[in-house]
Amino acid sequence: MPSEGRCWETLQALRSSDKGRLSYHRDWLLRGEDVLEECMFLPKLSSYSGWVVDHVLPHTQENPPSSETSASSRSTSTLDQPSCVPRSPGRTPAFSPSSSATPDGAEGKHESQHTEPMVLQSSRGVKVEGCIRMYELVHRMRGTEGLRQWQEEQERKVRALSEMASEQLKRFDERKELKHHKEFQDLREVMEKSSREALGHQEKLKAEHRHRAKILNLKLREAEQQRLKQVEQERLRREEGQVRLRSLYALQEEVLHLNQQLDASEPHKDALKLDLSAFRTRGNQLCGLVSGIIRATSENGFPTAEDQAVAERALQEMRDLLTSLQQEIAKACEAKRRQDEEVAHKKRQESKMQQGPEVPRETPAPSQGLGGKQNEDLQVKVQDSTMQWYQQLQDASSQCVLAFEELTNSKDSQAKKIKMDLQKAATIPVSQISTIAGSKLKEIFDKIHSLLSGKPVQCGGRSVSVTLNPQGLDFVQYKLAEKFVKQGEEEVASHHEAAFPIAVVASGIWELHPRVGDLILAHLHRKCPYSVPFYPAFKEGMALEDYQRMLGYQVKDSKMEQQDNFLKRMSGMIRLYAAIIQLRWPYGSRQEVHPHGLNHGWRWLAQILNTEPLSDVTATLLFDFLEVCGNALMKQYQVQFWKMILLIKEDYFPRIEAITSSGQMGSFIRLKQFLEKCLQHKEVPVPKGFLTSSFWRS
């Protein structure tokens, strides 16, 4: 049947179409009851079925004529259907263009005239229509759902992109703002830095200007001070030269006077048969030396300190020469007296032998004879030569004080500062002397020697020199000697071992600077007259306090110090003196003799024993002196020393004991036990604290 064939062709065309190639699920009935509900009504063809019949089927039959297509479609639609199927009302407007485009215009007219749907009687058509409607519905739903999901996804992406863009914009704005702030901050810091640098540079320029102005003012002030200082130095040099010139004249006068005394001894030449030509020759040479110095000074201007020192040494040598001459004359007189006594004794013996034996006279009692001999032999006053030497040292000390009197009494602050610095530079090194090591002593000695030599030394962080003031050298020499004696009075009195390091430094300074040694003796004699030895006598009209000070006591507020303290101070100074005369500076020249050696210690010991002892004082000083210096005197004088010790034990001990009360026997017993121990062992022990070679190696 032709209609049945076209139906199958239609189905074949539908199967070959895009929708026919879609895959349908078999369980679509389980997803809903929509399709089943449509089965309750009469089946109707879709509005698209005509379009399918008109447009799809012709392509499958190799383009048959449109009349045949429409006829076959009608026969197909009527196949197996008892009645006609009405067309959909919406078909006419929907496919009007297509129907108008068909070659057969009658078909379009026919469709437009039949508006009533036709009822299909075929179940296969209903099934096809249902499948098509179901497919369209599913496809529409899927498209709607896909579109909805795509829209939601796009909206979500748009929102995400919008948010991300918004956040990126915010971050961009923040980075831009941060960059702006940083640039502004950097610019402000650069401006502040440049401002600070400008201010610093300005302040630096101001400071440099002030510094240069200050330096200029200082230079101007220093130049003015230098000019004034040069003027003052020239004035002081002239004044000092005049003082030295007057001193040279006085020295020349004294030298000439001493030379006259040498000439006055000429009568003794024939009487004593002495050759005094050497003394006179040396005296004339010394006079010529002093006269030559004065003549050279008159030509060159004013004398120098060296000229004065040479003249003073010449005067001292002249005094020593006169003393030696007097000693020679005294020895010659003594020898002549003994010779005369021997001659007279021989004559008496001869006359007795010629006259015959006589009745011997009654001799005095031994005790009376001993007492009488003691009173006749020992002296109460000091020897004239010793007193003269003592007075010369005191005069030299007084002249030294007068030399720097202007510096001492100056009201100028600069002069006061110089005086204070010089005093510290002279006294502090002496205070630092200790028994620790020899290297420390060498540093102290070099510092003192440099100060006295005019070299600058460091004191209190400042450079100090005696050349800062014309009177500086005299001031330093006086204060240095005073400090050495004060160390003996205080430090040695408390620590006996300290006498040796202080003494060795003092001896070395004495050897290089003789004037300091003379000032040390002057201070020592003034504070401890027993070091001369000199026992001051009380004069009528003298105040008791003045006499006590002459004896060496310290008097404050009309109160004399205790005897124990007095003996302790005297002991310290005698110990220092005994250490000085036996020690020499180990780094000095060994060719020179000791400036005040052991011969002066022997002289002091002999004069002490030739003088009446004092209660408590003589025994104390003898013990201190022999304990410190006894070993050195023993090695130097040997047998003569032991004779002296026996003399002390046998002849001098009874004299000391006779004037010593029971409460003052301590010092006497100590001296007696010490000498007895020395005589027993036939050796005087080395004093404690004596400086050995190991001390200097340390």
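**Ring pairs and charged pairs**

Trainee: Is F500 buried or exposed here?
Mentor: In this predicted model, F500 has a relative accessible area of 2%, so F500 is buried, because the cut-off for that word is under 20%.

Trainee: Okay, and how many aromatic pairs are there?
Mentor: The count comes to 14 aromatic pairs. In one of them, F445 and W585, the ring centres are 4.1 Å apart and the planes stand at 20°, so this pair is stacked.

Trainee: Where in the chain do F445 and W585 sit?
Mentor: F445 belongs to helix α17, which covers residues 438–452, while W585 is in the loop between α22 (563–580) and α23 (598–609).

Trainee: Which residues make up an aromatic cluster?
Mentor: Y530, Y535, Y553 and F566 form one aromatic cluster.

Trainee: New topic: which charged residue lies over the face of F623?
Mentor: That is R670, at 5.0 Å from the ring centre of F623, and in another such arrangement K442 lies over the face of Y587, at 5.3 Å from the ring centre.

Trainee: And how many salt bridges does the structure hold?
Mentor: The structure holds 25 salt bridges. One of them joins R515 to D474, where the closest N and O atoms are 2.4 Å apart. Because R515 lies in helix α20 (residues 514–527) and D474 in helix α18 (residues 472–494), the pair ties together parts that are 41 residues apart in sequence. R515 is partly exposed, with a relative accessible area of 33%, whereas D474 is buried at 13%.

Trainee: What about D624, which residue does D624 form a salt bridge with?
Mentor: D624 pairs with R575, the closest N and O atoms being 3.1 Å apart. The two residues link distant parts of the chain, with D624 in helix α24 (residues 617–637) and R575 in helix α22, 49 residues apart. D624 is buried, with a relative accessible area of 3%, and R575 is buried too, at 5%.

Definitions and conventions:
Residues numbered from 1 in each chain as written. Predicted model: local features only at pLDDT ≥ 70, side-chain atom pairs only at ≥ 80, totals over all residues. Heavy atoms only, no water. Phe/Tyr/Trp six-rings, centres within 6.5 Å; stacked < 30°, edge-to-face > 60°. Helix = DSSP H or I, 4+ residues; strand = E, 2+ residues; numbered from the N terminus. Buried < 20%, exposed > 50% of the residue type's maximum accessible area, 1.4 Å probe, protein only. Lys NZ or Arg CZ within 6 Å of the ring centre and 35° of its normal. Salt bridge = Lys/Arg side-chain N within 4 Å of Asp/Glu carboxyl O.
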